[in-house]
Amino acid sequence: MRIYTLNERPDYFSQLKCFLNKSLEKDFITDHMIKRCTINDPNYNPELTFLALEKDDLIGILIGVERIKAPKEVVEAQRNMAWIKIIAISPRHRNKQAFNRLLNAFLDEMKNKKEIKVANFASWHFHPGVNVEYEYYLENYLANGFMKYGEVVDYELDLKFFHVPRRILLNEKKLREEGLTFKIVDNEHISDVKEWIKNKFSPYWAFEAEVAVREKHGGLWISYDNNDNIIGFSVYGALEPNWFGPIGVDEKFRHLGIGSILLFKALNSLRLNGVRYAIIPWTQHLFFYSQIPGIIGIRHYYFLKLTL
Ligand SMILES: CC(C)(COP(=O)(O)OP(=O)(O)OC[C@H]1O[C@@H](n2cnc3c(N)ncnc32)[C@H](O)[C@@H]1OP(=O)(O)O)[C@@H](O)C(=O)NCCC(=O)NCCS
C-alpha cells in the first residue's frame with residue numbers, strides 16, 4: 001500500500017463518488033455533495049486529501065481540511081484546529097493498517113495544530129459526525145485517541161406522507177391577524193437578512209441562507225413582526241437540494257409556534273420542488289422535529305476530537 005495526495009494523483013478525483021458510496025454504506029454521496037465538500041469549499045486543499053493505493057487500486061481515502069478562508073469571521077479562532085471530513089476504506093481492506101496509514105499521513109501535516117475534529121466542518125461537510133453504526137471507523141478513531149464530545153442526529157423524511165397539520169394553519173392565521181407576516185426572500189433583500197442571521201445565530205447559517213437564495217432548488221422563508229422587523233427564518237435546499245435548515249427564531253418570539261410555521265413552510269417548498277426524501281441534518285432537537293409527519297429514519301452521529 002502507498003499513500004499519495006490527490007494533488008499527486010488528480011486522476012483519482014473521478015473515482016471519489018463511487019468509492020465513497022461503496023465504502024460508507026450508510027451514506028448517499030452525490031456529485032453535488034462531492035463538489036460542495038471539495039472543489040467548491042473555499043478552504044479545500046487537495047494536498048490534504050490522501051489516497052491509499054494498492055498497485056493502482058484505490059483502497060482508502062482521507063479528506064482533510066483547515067479553515068483558511070471561510071467563513072472569514074471564524075478563520076482566526078480556528079487557526080489551531082483541523083478537520084477530517086471523511087475517512088473511507090473499501091470493505092475488503094478494513095484493517096487497522098489502512099486506517100492508521102491514512103490518519104498518520106494527515107496528522108504528520110497537522111503537527112502545528114492543537115485539535116483535530118471529525119466530519120463536522122460546518123457548511124462544507126458530508127455528515128455531522130461519525131455514524132454510530134460505523135463500527136469499524138468508530139473503533140479505529142477511538143483506538144487512535146479520539147474522544148466523543150457530543151452527538152447529533154439527522155432526521156430522514158418521506159414527503160409522500162407530508163401534510164401541514166391543521167393546528168399549524170390555524171396558528172399562522174392567528175399570527176397573521178396579529179400583524180406577523182411570512183415571506184420568501186428574494187435576492188434583493190438577502191443582505192439585510194444575512195446580517196440578521198449572522199448577528200443572532202452564526203456566520204455559517206448566514207452563508208447557508210445566502211446559498212439557498214442563490215441555488216435553483218433552494219429558498220429562504222422569513223417571518224416579520226408587525227413593525228417589519230425580522231423575527232425568524234428557515235432555509236431549504238441550501239447545501240443539498242433535499243436538505244432542510246438552518247432555522248432560527250429570535251429568542252423573544254420563541255414558543256409561540258413561529259418556528260413550527262417556518263419549518264412547515266420550508267418543508268412544503270421542498271415538497272413542491274418534487275423532493276421525495278428530505279433530510280434534516282445535524283440537530284439535537286427532538287420534539288421540535290418529531291411533530292413532522294413522515295419521519296422514516298434517524299441517523300445518529302458522535303462528534304469526535306483528538307487533542308494534540
Ligand atoms: C428551534 C426553534 C427554531 C424553535 O422556534 P419556536 O418559534 O420557539 O418554535 P415553536 O414555538 O414552534 O416550538 C417550540 C417548542 O414547542 C414545541 N412544540 C411545537 N409544537 C408543539 C405541539 N403541537 N405540542 C407540543 N409541543 C410543541 C416544540 O417541540 C418546541 O420545543 P423545543 O423548543 O423544546 O424544541 C428556536 O428554538 C430556535 O431558534 N432555536 C435556536 C436555533 C436552533 O436551535 N435551530 C435549530 C437547529 S437544528
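**Salt bridges, burial and the domain interface**

Colleague: What makes Glu-25 and Arg-94 a salt bridge?

Modeller: The closest N and O atoms of Glu-25 and Arg-94 are 3.3 Å apart. The rule asks for a Lys or Arg side-chain nitrogen within 4 Å of an Asp or Glu carboxyl oxygen, so the pair qualifies. Glu-25 sits in the loop between α1 (16-23) and α2, and Arg-94 in the loop between β4 (81-89) and α4, so the bridge ties together parts 69 residues apart in sequence. Bear in mind that this is a predicted model.

Colleague: Are those two side chains buried, partly exposed or exposed, and how do you know?

Modeller: Glu-25 has a relative accessible area of 40%. Arg-94 has 27%. Partly exposed runs between the buried limit of 20% and the exposed limit of 50%, so both residues are partly exposed.

Colleague: How many salt bridges does the structure hold?

Modeller: The count is 24. Side chains of opposite charge can pair when their charged atoms come close.

Colleague: What makes Glu-172 and Arg-176 one of them?

Modeller: Their N to O distance is 2.9 Å. Glu-172 has 11% relative accessibility and counts as buried, whereas Arg-176, at 37%, is partly exposed.

Colleague: And how do you know that Glu-178 and Lys-174 pair up?

Modeller: Their side chains meet at 3.7 Å, N to O. The cut-off is 4 Å, so this pair passes too. Glu-178 is partly exposed at 44%, as is Lys-174 at 43%.

Colleague: Where are the domains assigned?

Modeller: Domain 1 covers 2-152 + 302-307, and domain 2 covers 163-292. Over C-alpha atoms, the domain centres are 31 Å apart. Domain 1 puts 19 residues into the contact and domain 2 puts in 13.

Colleague: What area do the two domains bury between them?

Modeller: About 1,400 Å², with 64% of it on carbon and sulfur atoms. On the domain 1 side, His-32, Ser-123 and Val-152 lose the most area, together 30% of what that side buries.

Colleague: Which polar features cross that interface?

Modeller: The rule finds 2 salt bridges between the domains. Glu-73 and Lys-198 also form a salt bridge, at 3.0 Å from N to O. There are also 7 residue pairs in polar contact across the interface. On the side of domain 1 that touches domain 2, α2 (31-37), α3 (72-75) and β7 (147-158) each supply at least two residues. The largest share, 3 residues, comes from α2. By type, that side divides into 9 nonpolar, 6 polar and 4 charged residues.

Colleague: Why is Leu-103 called buried?

Modeller: Its relative accessibility is 0%. Buried means under 20%, so Leu-103 qualifies. Leu-103 is in helix α4 (residues 96-109). Beyond its neighbours within four places in sequence, Leu-103 contacts Leu-62, Ile-84, Asn-144 and Phe-146.

Colleague: What makes Thr-5 buried or exposed?

Modeller: Thr-5 has a relative accessible area of 8%. That is under 20%, so the label is buried. Thr-5 lies in strand β1 (residues 2-5). Residues it touches include Pro-46, Glu-47 and Phe-50, with those up to four places away in sequence not counted.

Colleague: Which peptide bonds are cis?

Modeller: Ala-70 to Pro-71 is one, with omega near -10 degrees. Gly-245 to Pro-246 is another, with omega near 5 degrees. Pro-71 lies in the loop between β3 (57-65) and α3, while Pro-246 lies in strand β11 (residues 244-249).

Methods: Residues numbered from 1 in each chain as written. Predicted model: local features only at pLDDT ≥ 70, side-chain atom pairs only at ≥ 80, totals over all residues. Heavy atoms only, no water. Domains from an automatic or database assignment. Contact = heavy atoms within 4.5 Å. Buried area = accessible area lost by both parts, 1.4 Å probe. Polar contact = N/O pair within 3.5 Å; in protein donor to acceptor, adjacent residues only side chain to side chain. Helix = DSSP H or I, 4+ residues; strand = E, 2+ residues; numbered from the N terminus. Nonpolar A, V, L, I, M, F, W, Y, C, P; charged D, E, K, R; others polar. Buried < 20%, exposed > 50% of the residue type's maximum accessible area, 1.4 Å probe, protein only.
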